[in-house]
Amino acid sequence: MAVASNSLVSFIHGSLSQPGRTSHFLPSPSLSFPGSRSLSLKLTRRSNSPLLCSLDATNATDKDTPIETRFPAYPTVMDINQIREILPHRFPFLLVDRVIEYNPGVSAVGIKNVTINDNFFPGHFPERPIMPGVLMVEAMAQVGGLVMLQPEVGGSRENFFFAGVDKVRFRKPVIAGDTLVMRVTLITLQKRFGIAKMEGKAYVGTDLVCEGEFLMATGST
């Protein structure tokens with residue numbers, strides 16, 4: 001059936017590509033091949049050509065939807081006021097705007113809306129605004145703080161410290177206008193010493209821009 005389908009498509013394409021010729025054997029503006037799961041044709045008319053074939057019929061629906069309403073907003077599991085109740089950080093060093101997924105004592109996903117009004121951009125850099133890598137690491141550490149500062153972990157807001165980093169890699173630059181999405185997961189916890197090891201990954205869209213492992217200290221250590 002695949003051979004027959006390819007032959008028919010070639011025949012249709014050949015007929016449509018010749019000036020002055022019009023195909024009369026197609027009964028409807030859509031064509032599909034029974035038994036073929038990999039091929040679906042949509043036929044459309046345009047002003048400059050009598051008939052066009054499209055192999056991706058689903059794109060038409062997306063193009064009909066205005067781009068400003070095409071993508072849903074991130075969910076809000078924890079807003080900025082709830083974040084401020086947990087983290088001790090304040091302007092200009094609070095780098096988490098919203099939490100979109102939250103498993104207390106296990107993991108969290110937070111976002112940072114990177115704007116040209118962020119106070120670090122005038123100096124980093126004036127002609128090319130790039131978010132400093134150390135601040136991406138700090139932002140992920142703050143998401144880790146949201147995971148740790150919970151009764152399940154025994155964290156204390158008054159005694160919460162960034163103890164170390166390892167295996168940090170910066171994959172792509174983050175610029176003004178990006179939305180930094182950070183997932184931080186608790187790997188191990190030594191309650192006796194108040195030390196937690198966490199893994200963080202930060203994304204812009206589907207691109208991994210930064211990753212690393214972090215040590216967080218809580219309690220009296």
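The model is predicted.

**Whole chain.** I looked up burial next. Of the chain's 221 residues, 36% count as buried. The chain exposes about 13500 Å². Carbon and sulfur atoms supply 55% of that area. I then turned to contacts between residues at least 6 apart in sequence. Of these, 57% join residues at least 24 apart.

**Helix α4.** I picked out α4, residues 133–148. How far does α4 reach from its first C-alpha to its last? I found 23 Å for its 16 residues, close to the 22 Å expected at 1.5 Å a residue. Is α4 mostly covered or mostly uncovered? It is mostly covered, with 14 of its 16 residues buried. I kept a reminder for reading any such helix: with 3.6 residues a turn, residues three or four places apart point the same way.

**Aromatic pairs.** I searched for ring pairs and found two in the structure. One of them joins F120 and F121. Their ring centres lie 4.7 Å apart, with 65 degrees between the planes. The cut-off for edge-to-face is over 60 degrees, so I logged this pair as edge-to-face. I also checked cover for both residues. F120 is buried, and F121 is buried too.

Methods
Residues numbered from 1 in each chain as written. Predicted model: local features only at pLDDT ≥ 70, side-chain atom pairs only at ≥ 80, totals over all residues. Heavy atoms only, no water. Helix = DSSP H or I, 4+ residues; strand = E, 2+ residues; numbered from the N terminus. Expected span 1.5 Å × (residues − 1). Buried < 20%, exposed > 50% of the residue type's maximum accessible area, 1.4 Å probe, protein only. Phe/Tyr/Trp six-rings, centres within 6.5 Å; stacked < 30°, edge-to-face > 60°. Contact = heavy atoms within 4.5 Å. Areas by Shrake-Rupley, 256 points an atom, 1.4 Å probe, with all protein chains shown as cover.
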